[in-house]
Amino acid sequence: MPTARSSVPHTAPSSAAIARQAEGAIVLDGVDKWYGTVHVLKSVSLSVSNGEKVVVCGPSGSGKSTLIRCINGLERHQNGRISVEGVEVVDRTLRQIRREVGMVFQSFNLFPHLTILQNCMLAPMESRKLSREEARDRSIEYLSRVHISEQADKYPAQLSGGQQQRAAIARALCMQPRIMLFDEPTSALDPEMISEVLDTMMELAASGMTMVCVTHEMGFAQKVADRVVFMDEGAIAEVGPPDQLFNSPSSERLALFLRRILSH
Amino acid sequence: MLIGIAIGTIGGIVLTSLLPGLRQVVRTYVTTIRGIPVLVQIVFWYNGLSALTNGAVNLPAYFAGILALGINEGAYMTEIVRAGIQSVDRGQREASQALSLSYVSMMRSVILPQAVRIAIPPTGNQVINLIKNTSLLFAIAIPEIFATGTNLFSMNFKYFEVIAVVAIWYLILAFGYGLIQRALERHFGRGRIGLFGSGAT
Ligand SMILES: Nc1ncnc2c1ncn2[C@@H]1O[C@H](COP(=O)(O)OP(=O)(O)OP(=O)(O)O)[C@@H](O)[C@H]1O
Ligand SMILES: [Mg+2]
């Protein structure tokens, strides 16, 4: 990778690097989150190792978005501990952590006044201090990787939903994060555009990226996920490999949920 | 006007920020200034201030005039900028933060360019109001358009002709600004597809 990371050289792993390895990419330990008096995350613990793909599913309002938004500090938790690559999520470390954690939103959230290329170049220039040329080269590289390099000079409003979401994925990748978070990336898309975004995500998964995806695309989960997390009422109700969870759900809640989403 | 826009931009950012102390100061400023007639403010900066300080502070007429109008505009601009910033979707803030942008980068590159688009039409009203408010400066003996006009007709008694010329001058200024505004709207509206049809707005 072209960017110099200020981490340890790989010939002599420091104790911090070893701790990071042992701790996993993302660790949540007894995390609680309230909105006012509403308890939305109830003592959630979860550990995601490097390169792992975790799919989070569950009924609406169960706290899936809140969970992944706590990982990059878009929502702040009140109890417990969250750490990303061994660095605890606190005010002071937010920007550092967000450099290594990309996020893709349900509603794309592209910057409408900038072209697709400018959308991609902004953060590498501002947060990684790349020169304009480096940022441009890198943006074009990732835009081709998600197969929309020919749209680089258009504005977001001129693209289809599927293209916009792929542009948003490219924008996040331009920061060269080691972890990617997805919050229902295909829920705002028409059926024929869902597959193009899922294909992009599968290519990304194959590249070894650590991924946490909130999605109800069970086919995607089946193919890509190492583990599926089922959330219910703010707590993790079940965790396991996709086959196990989908084929032999151990709780009635999960069985009911699966019947409901599969009947669509 | 530039003073007004500068004050307004800072004020608007403060009002949408998480600085409770400063926010209160700005809110008081806006309420006070908007509650006092412009003419009273002009006279205050020119005559009132010098009376208040026993002549220690005695602003030259031009300076007092610009200051009074600038501070007055600033209060209205603060509200306009605030409305512009608040109209920006919160997803824009979240995406900026998720990309690790600093607060300054986010405001400069993402939020303000979008806020400005919303703020341009009401700012246009303000500019034109300001142009017309300069006519109040005759109260502190600044030879602006209207004062020059009244001087003229007090000599030649051609009321209609002189007033017509004065009005035309104001119109020309307002029209000139209208052209500038159109260009600004085009610039800050880039990337947007019009409400009706795909043409530029
Ligand atoms: N900003 C907020 N203020 C107050 N309550 C909130 C806020 N955001 C979410 N909630 C509440 O927190 C709970 C969990 O919300 P969350 O968005 O995490 O659910 P979700 O599992 O992502 O649901 P969905 O599938 O509908 O996206 C819900 O009950 C929701 O009403
Ligand atoms: Mg959600």
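**Notebook: the interface of chain A and chain B**

I looked up the interface first: chain A and chain B bury about 2,000 Å² between them, 56% of it on carbon and sulfur atoms. Buried area is the accessible area (1.4 Å probe) that two parts lose on being put together, summed over both. On chain A, F111(A), H113(A) and E126(A) supply 27% of the area buried against chain B, more than any other three residues.

I noted the basis of these values. The model is predicted: local features need pLDDT of at least 70, side-chain atom pairs count only at pLDDT 80 or more, and totals for chains, interfaces and linings use all residues. Residues are numbered from 1 along each chain as its sequence is written, chains are lettered from A in the order in which they are written, and side-chain values use heavy atoms, without hydrogens and water.

I then listed the contact (heavy atoms within 4.5 Å), which takes 26 residues from chain A and 22 residues from chain B.

Next I checked for salt bridges (a side-chain nitrogen of Lys or Arg within 4 Å of a carboxyl oxygen of Asp or Glu). The rule finds 2 across the interface. R69(A) and E94(B) meet in a salt bridge through their side chains, at 2.8 Å from N to O.

Finally I turned to strand 6 (101-104) of chain A, strands being DSSP runs of E, at least two residues, numbered from the N terminus. V101(A) and M103(A) on one side and G102(A) and V104(A) on the other are all buried, that is, under 20% relative accessible area (1.4 Å probe, protein chains only). M103(A) stands opposite L181(A) in strand 7 of chain A.

Note on methods
Helices (H or I, at least four residues) and strands (E, at least two) are DSSP runs, numbered from the N terminus. Buried means under 20% relative accessible area, exposed over 50%, partly exposed in between (1.4 Å probe, protein chains only). Two strands pair if DSSP finds at least two bridges between them.
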